[in-house]
Amino acid sequence: MAGRRSPSISSRKQPQQARSTELVAAILDAAVQVLTKEGAQRFTTARVADKAGVSVGSLYQYFPNKAAILFRLQSDEWRQTTGLLRGILEDAGKPPLERLRALVHAFIRSECEEAAMRVALSDAAPLYRDAPEAREARAAGERVVEAFMREALPRAPDAVRAMAGELITTTMSTVGKNFSESPRTAAEIATYADAMADMFCAYLSSLGRRRAPRALPP
């Protein structure tokens, strides 16, 4: 049996005029409000259109279904995260571990500031996570991390760098999400981020001190 095709999650068209741009912005702003208030299970195009003050037909001019709206919100979030990764991890003026520490602090702050939205998008992920557009969006951030790991661990084997990058990003994302589910003070965020950064930096330092295995004689 052929696998089920993912529904289209691309926007039908891009706004070309100021009025169209304002309409899309209003739809997306309404979508954020509906998603954070109602949750992914009660998120519908009708509720978004009503909140935006537009007809469902106008909404469908730009978004074919609710998955397309949710993916647009998620892709905007991914784009912001990729920009955060690139802006910090590609700063060659600072040592790698200093960059990693700065990233952890920025990421944890961001998670806490946008906790409700991130949790709701996580609940909605099954609607679009397997679509090609979603895979490419995630891959963009992964490429930034891969490049950083090559710089941070220049003598480590590719497999070790790949494992380190995956472990750090998965831990940061998972633990950050859990930490942000409760209200946090600025001091709590800083203390938690410091502890996580200490752990990651110690891990990379340990990997950097390891000697590559010697090749066996012919």
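**Entry 1: Ala124**

I started with Ala124, which lies in helix H6. I am working with a predicted model here. Is Ala124 buried or exposed? I found a relative accessible area of 1% for Ala124, so this residue is buried. Next I looked up its contacts, skipping residues up to four places away in sequence, and Ala124 touches Ala40 and Leu70. I also checked a distance: the C-alpha atoms of Ala124 and Gln74 are separated by 9.4 Å. Along the chain, those two residues are 50 residues apart.

**Entry 2: Ala125**

I moved on to Ala125, which I found in the loop between H6 and H7. The cut-off for buried is under 20% relative accessible area. Ala125 comes to 15% relative accessibility, so I noted Ala125 as buried too. Which distance did I look up between Ala125 and Phe71? Their C-alpha atoms are separated by 8.2 Å, and the two residues sit 54 residues apart along the chain.

**Entry 3: the whole chain**

I then stepped back to see the chain as a whole. How many helices and strands does the secondary structure come to? I counted nine helices and zero strands. Read from the N terminus on, the elements run α-α-α-α-α-α-α-α-α. The chain has 218 residues, and 37% of them count as buried. I was curious about contacts between residues with a separation of 6 or more, and 72% of them join residues 24 or more positions apart.

**Entry 4: the nonpolar cores**

Which residues touch the most other members of the largest nonpolar core? I wrote down Leu35, Phe43, Val48, Phe63 and Tyr128, out of 29 residues in this core. The elements that give two or more residues to this core are helix H1 (18-38), helix H2 (45-52), helix H4 (66-89), helix H6 (115-124) and helix H7 (132-152). H1 gives the largest share, seven residues.

Not counting residues up to four places away in sequence, Phe43 touches Ala31, Val34, Leu35, Val48, Lys66, Ile69 and Leu70.

**Entry 5: H5 and H8**

I reminded myself that two packed helices are described by the angle between their axes and the distance between the axes. I looked up both values for helix H5 (residues 96-113) and helix H8 (residues 158-180). Their axes come within 9 Å and cross at roughly 35 degrees. I noted the crossing of H5 and H8 as right-handed.

Which residues meet where H5 and H8 are in contact? From H5 I listed Leu100, Leu103, Val104, Phe107, Ile108, Glu111 and Cys112. From H8 I listed Ile168, Met172, Ser173, Gly176, Lys177, Phe179 and Ser180. Sorted by class, this contact has nine nonpolar, three polar and two charged residues.

**Entry 6: Ser180**

I finished with Ser180, which lies in helix H8. Is Ser180 buried or exposed? Its relative accessible area is 6%, so Ser180 is buried. Leaving aside neighbours within four places in sequence, I found Ser180 in contact with Glu111, Cys112 and Ala115. Glu111 and Cys112 were already on my list for H5.

Methods. Residues are numbered from 1 along each chain as its sequence is written. This is a predicted model: local features need pLDDT of at least 70, side-chain atom pairs count only at pLDDT 80 or more; totals for chains, interfaces and linings use all residues. Side-chain values use heavy atoms; hydrogens and water are left out. Helices (H or I, at least four residues) and strands (E, at least two) are DSSP runs, numbered from the N terminus. Buried means under 20% relative accessible area, exposed over 50%, partly exposed in between (1.4 Å probe, protein chains only). Contact means heavy atoms within 4.5 Å. A nonpolar core is a set of buried Ala, Val, Leu, Ile, Met, Phe, Trp, Tyr and Cys residues joined through side-chain atoms within 4.5 Å. Axes are lines fitted to C-alpha atoms, for helices over the stretch in contact, and angles run from 0 to 180 degrees between N-to-C directions. A crossing is left-handed if the near helix is turned anticlockwise from the far one by less than a right angle, and right-handed if clockwise. Ala, Val, Leu, Ile, Met, Phe, Trp, Tyr, Cys and Pro count as nonpolar, Asp, Glu, Lys and Arg as charged, and the others, Gly among them, as polar.
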